[in-house]
Amino acid sequence: MQHAEKEILYPTMLCDKKGNLNPEAIGFARKPLIDCNLSGHFMRKKKWNYWCVFGEEILFSATIAHLDYAAVCFVYFLEYETQRYFEKTITIPLGGKLKMPTRVLETVSYANNEMSVNIAFSNGDTHLSVLCDDFDGDRLHAELIIHHPKADDSLNVVIPWNRQTFQFTAKHHTLPTTGIVKIGNKHFTFNDEDCFAVLDYGRGVWPRKAIWNWGMASQHVRNRRIGLNFGGKWTDGTGMTENAIFIDGAMTKIHEDVLFAYDRSNFMKPWRITSKFSHTVNLTFKPFFERNASTDAKLIRTGVHQMIGYYNGTIHLEDGEILHIQQMLGCIEEHTAKW
C-alpha cells in the first residue's frame, strides 16, 4: 500500500535559488499554496494553463502554454449531439513576449491577428474570453465567468522525479460556470447549476520524453457536485499521485496509484481505471468521441488522444460510503511527448 503523502499547509516556493526542486515543496495541498518560481534549465521548462468547460450542449476548451522554445494557444469545442468539432492552434516561435504567471490564480493572455485568449482572475472569478474571426469559417466569441467557491478544495501536487526534473500540477474541479459561447449564428449558454469548468495548471522541468494518462470529470451526480481526477504513468514511482475525489468542494486524496487499461490500437474501446492495491477505484470509461491532436516538428513530437465519454462504476470512500458513478460525462487521455 502506498504511504500517505505529506500535506503542505503554508505558502511554499517550488524551487531553490539554483532553480532545482525545493524539497519542502514535495507534497500536496488543498489550496494553491505553491509559488512556481522556475528558473534556469534551458529549454526544459514547461508551463501551461488549460481550461475545459462542460456545457449542456458543448465542451469548450482554451489553453495558453509556454514550452521554452515556443508558446502555443489552442482553442477547441465539441458539440455533443452533432459531434461537430473544431480546434484552432496558434504557435509563437520562442514564445514571443508571453509571460506565464507563477501562481495558479493569476491573469494570463495572448493575442495576435488570428485569435485572442484572455484568462483574467479577479475577485474570486476567472473571466475567460476568446475572440477569433475565422474559427471553422465562423466567428467565435466566448465570454465565460468561472466561479471559484471560497470554501472549495483544489488538488495541488508536486511530483518529484529528482531535484532537476519535477512538476507542479494544480487541478481545480467543479467550478460553476456562466456565460455564452457564440460560433457563427449558434449561441450556447452556460448556467452555474449544470455547467462546470476544470483547470489544469502545470509548471515544471520535464525529461526529454514523457507519457501520461489523465482522467477527469466534473458534474452533478444526484444533487452533489462531484469531481474526479486520476493520473497515471508519469507519477509512477515518485511517491506522489494526482488522484482525488471532490464532493461538494471537499477533496478526498487517494494516495495509491491508479492503473489505466486501454487498447492503444483503438482508443475508442472502453477504458478501465482501477486503483493498484485496493478496491477504492473501479471505473469504466466509454468514449463517444476522440480528439486526436499531434505535432511533428522533427525534434519535437507530441501526441494526444483525448477521449470524451462517460464514466460508470464505483469509488469506495474512506468513511465507508460507496460513490456510485453512472453515465458521468468526462474526458480521459493518453499524451506522449518528446519535447
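Predicted model: local features only at pLDDT ≥ 70, side-chain atom pairs only at ≥ 80, totals over all residues.
Let's start at Asp 16, which is partly exposed, with a relative accessible area of 25%. The partner of Asp 16 in a salt bridge is Arg 163, and their closest N and O atoms are 2.9 Å apart. Asp 16 sits in the loop between strand S1 (12-13) and strand S2 (27-29), while Arg 163 belongs to the loop between strand S12 (155-160) and S13, so this pair ties together parts that are 147 residues apart in sequence.

From here we can look at other charged pairs. Side chains of opposite charge can pair when their charged atoms come close. In this model the count comes to 18 salt bridges. One of them joins Asp 153 to Arg 30, with 3.8 Å between the closest N and O atoms. This pair links distant parts of the chain, 123 residues apart: Asp 153 is in the loop between strand S11 (138-147) and S12, and Arg 30 in the loop between S2 and S3. Arg 30, at 26% relative accessibility, counts as partly exposed.

Another pair connects two strands. Glu 87 forms a salt bridge with Arg 291, and the closest N and O atoms are 2.9 Å apart. Glu 87 lies in strand S7 (residues 85-93) and Arg 291 in strand S22, so the contact ties together parts that are 204 residues apart in sequence. Arg 291 counts as buried, at 5% relative accessibility. Elsewhere, salt bridges with shared partners join Glu 7, Arg 30 and Asp 153 into one network.

Next, follow the chain to strand S23 (residues 300-316). Why can this strand be called largely enclosed by the rest of the structure? Because 12 of its 17 residues are buried. S23 runs antiparallel to strand S24 (residues 322-338), and 15 bridges join the two. Within this pairing, Gly 309 has Gly 330 in S24 as its bridge partner. The two strands form a hairpin with 5 residues between them, and Gly 320 in the turn has a positive phi of about 95 degrees.

Positive phi also turns up in residues other than glycine. His 41, with a phi of about 50 degrees, is placed in the loop between strand S3 (34-35) and strand S4 (45-54). Lys 233 has a positive phi near 75 degrees, and its loop runs between strand S17 (224-232) and strand S18 (243-247). Lys 233 is partly exposed, with a relative accessible area of 33%.

Finally, turn to the pockets. The largest pocket holds about 760 Å³ of space. Of the 33 residues that line it, Val 72, Phe 74, Thr 302, Val 304 and His 335 lie nearest its centre. Strand S22 (residues 281-297) gives the most to this lining, with 5 residues. The lining has 17 nonpolar, 10 polar and 6 charged residues. The second largest pocket has a volume of about 240 Å³. It is lined by 15 residues, and those nearest its centre are Leu 105, His 148, Pro 149, Lys 150 and Asp 152. By class, its lining has 5 nonpolar, 5 polar and 5 charged residues, and strand S13 (residues 166-183) gives the most, with 3 residues.

Conventions
Residues numbered from 1 in each chain as written. Heavy atoms only, no water. 1 Å grid on protein atoms, 1.4 Å probe; cavity = no way out; pocket = protein on both sides within 12 Å on 5 of 7 lines; lining within 4 Å. Points joined across faces, edges and corners; volume = space filled by probe spheres on them. Helix = DSSP H or I, 4+ residues; strand = E, 2+ residues; numbered from the N terminus. Nonpolar A, V, L, I, M, F, W, Y, C, P; charged D, E, K, R; others polar. Buried < 20%, exposed > 50% of the residue type's maximum accessible area, 1.4 Å probe, protein only. Pairing = 2+ DSSP bridges. Salt bridge = Lys/Arg side-chain N within 4 Å of Asp/Glu carboxyl O.
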